[in-house]
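Dear colleague,

Please find the structure below, followed by a summary of the findings.

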Amino acid sequence: MECMSGQWQKAICAWLMLLGAGSLGTPAVIAAVRVVNVQVGFQDEKTGVSYGRYGHWLPVRVTVAADRAESIAGRVVVSISDADGIVQEVMAEPALHLTPEVREQTVWAYVQCSHGKLRVRVVDQAKRALASFVYPDDTGQPRLWQLLPPSVVQVLALGEPAGLDGATAEQEAGRDPGYRVSRIAGPQHLPEKWFGYDYVQALV
């Protein structure tokens, strides 16, 4: 009888919870979104290598996609720990706004370059987490961006300008040319804010 009594109590509690949920309306379904790409710094189109300079601003390009045709409004939050373990958290721009017609959006964030991993979160307007991504763990590539020494020049190349292949040849020969080249396919890969170019010395 005691066992039967316990079962009845559970059944009654479940029934009361269903009644309460019905009186409050149908619970909202969390939107289905995912982070499909995170690009840190300027990733070279040929080598896939990204660079950064410690203490300087680092551009972070995040692409988010919806799995269903629905309207989603929210923000992308990027966080990284500095050398002292203090977490720096920034909101990417612009705000996230996906629709049934536009199911993918790219946003930009700017963080100060450090040694730590990047954590990306997608939240809705009620601050509920919709998706998360850890860089570089979730990319399948264990390497973070490479830190540049103060004496090494960062060159940002748009397209395929002539005369920049020498840096790769010098490195392959075991010599440091004194500069690194990041080749960018098009202007859509360029940051929208000036401090996204903080560690770049030349743009060609």
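How many aromatic pairs does the count come to? The count comes to 5 aromatic pairs, where rings of Phe, Tyr and Trp (its six-membered ring) pair if their centres lie within 6.5 Å, planes under 30 degrees apart being stacked, over 60 edge-to-face and the rest tilted. The model is predicted: local features need pLDDT of at least 70 and side-chain atom pairs count only at pLDDT 80 or more, whereas totals for chains, interfaces and linings use all residues. Residues are numbered from 1 along each chain as its sequence is written, and side-chain values use heavy atoms, with hydrogens and water left out.

One of these pairs is formed by Tyr-110 and Phe-195, edge-to-face at 4.9 Å centre to centre and 80° between the planes. Tyr-110 lies in strand E7 and Phe-195 in the loop between E12 and E13, so the pair ties together parts that are 85 residues apart in sequence; strands are DSSP runs of at least two residues, numbered from the N terminus. Ring pairs also link Trp-57, Tyr-110, Trp-194 and Phe-195 into a cluster. Tyr-110 is buried at 9% relative accessibility, while Phe-195 is partly exposed at 23% (buried is under 20% relative accessible area, exposed over 50%, partly exposed in between; 1.4 Å probe, protein chains only).

Kind regards

How values were computed
Helix = DSSP H or I, 4+ residues; strand = E, 2+ residues; numbered from the N terminus.
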